[in-house]
Amino acid sequence: MHQEFWTSCWIVRHCGLTLSMGFGHRNCVVLGYPNNGQRLGKWAATTCELHGCNNGSSMCDCQPPFKLFPFPTEKKNPERRLQWAKNISRNSLNGTLWMPNKDSRVCNLHFVDGEPTAETPDPTL
Ligand SMILES: [Zn+2]
Ligand SMILES: [Zn+2]
């Protein structure tokens with residue numbers, strides 16, 4: 001699974017895929033969930049039948065199939081960032097707590113309300 005994740009990440013970074021909305025390098029960091037920027041990019045590159053233009057473009061206000069939320073920043077909310085990391089608890093190779101990087105995202109599937117809210121700001125798996 002690790003291998004797969006990093007391989008797909010590598011492909012997105014280095015194969016020069018043009019992803020119209022620049023989601024390409026962002027992935028839901030929860031293992032086993034395929035929601036990533038590549039899928040969002042594909043979605044944005046297909047035509048919305050309802051509005052007759054590309055999904056997510058200015059003429060189309062359709063919602064994307066999923067959303068990717070960035071981690072709270074180290075500067076603004078280190079406690080929350082740590083809490084998210086703990087909740088996601090990916091084991092890193094050397095046994096230390098895994099921490100997100102700037103491209104790490106969590107998709108809406110992991111939030112009780114479908115997004116971080118005041119009541120449930122942290123992802124649950
Ligand atoms: Zn639309
Ligand atoms: Zn996810």
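**View 1. R80 and its contacts.** Apart from neighbours within four places in sequence, R80 contacts P72 and P121. Contact here means C-beta atoms, placed from the backbone, within 7 Å. The model is predicted: local features need pLDDT of at least 70, side-chain atom pairs count only at pLDDT 80 or more, and totals for chains, interfaces and linings use all residues. Residues are numbered from 1 along each chain as its sequence is written, while chains are lettered from A and ligands numbered from 1 in the order in which they are written. R80 sits in helix α3. Helices (H or I, at least four residues) and strands (E, at least two) are DSSP runs, numbered from the N terminus. From R80 to P121 the sequence separation is 41 residues, yet the C-alpha to C-alpha distance is 8.3 Å. Is R80 buried, exposed or partly exposed? R80 is partly exposed, because 15 other C-beta atoms lie within 10 Å. The cut-offs are 20 or more such atoms for buried, 12 or fewer for exposed, and partly exposed in between, with C-beta atoms placed from the backbone.

**View 2. The three-stranded sheet.** Strands in the order β1-β5-β4 form an open sheet with mixed pairing. β1 and β4 are the edge strands, each pairing on one side only. Pairing requires at least two DSSP bridges between two strands. β1 (residues 27-28) runs parallel to β5, over two bridges. β4 (residues 68-70) pairs with β5 in the antiparallel sense, over three bridges. R105 in β5 is the bridge partner of C28. R105 is also the bridge partner of P70. F69 faces V106 of β5 as its opposite residue.

**View 3. The two faces of β5.** Which residues cover the faces of β5? S104 and V106 lie on one side, R105 and C107 on the other, and all are buried. In a regular strand, side chains alternate between the two faces of the sheet.

**View 4. The largest nonpolar core.** Eight residues make up this core: C28, V29, L68, F71, W84, I88, V106 and C107. A nonpolar core is a set of buried Ala, Val, Leu, Ile, Met, Phe, Trp, Tyr and Cys residues joined through C-beta atoms within 7 Å. In soluble globular proteins, nonpolar side chains tend to be buried together. V29 touches I88, R90, P100, S104, R105 and V106, leaving out residues up to four places away in sequence.

**View 5. The buried face of α2.** Helix α2 (residues 37-45) has G37, Q38, L40 and A44 as its buried residues. Seen down the axis, these fall within an arc of 160°, so they line one face of the helix. The arc is taken from the directions from the helix axis to the C-beta atoms.

**View 6. The whole chain and its confidence.** Three helices and five strands follow the pattern α-β-α-β-β-β-α-β along the sequence. Of the 125 residues, 21% are buried. Among contacts with a separation of 6 or more, 45% join residues 24 or more positions apart. Mean pLDDT is 79, and 81% of residues reach 70 or more. Over residues 1-21 the pLDDT is below 50, and this stretch has 21 contacts in the model beyond near neighbours in sequence. pLDDT is the predictor's confidence in each residue, from 0 to 100. Where pLDDT is low, the predicted coordinates should not be read in detail.

Notes: Contact = placed C-beta atoms within 7 Å.
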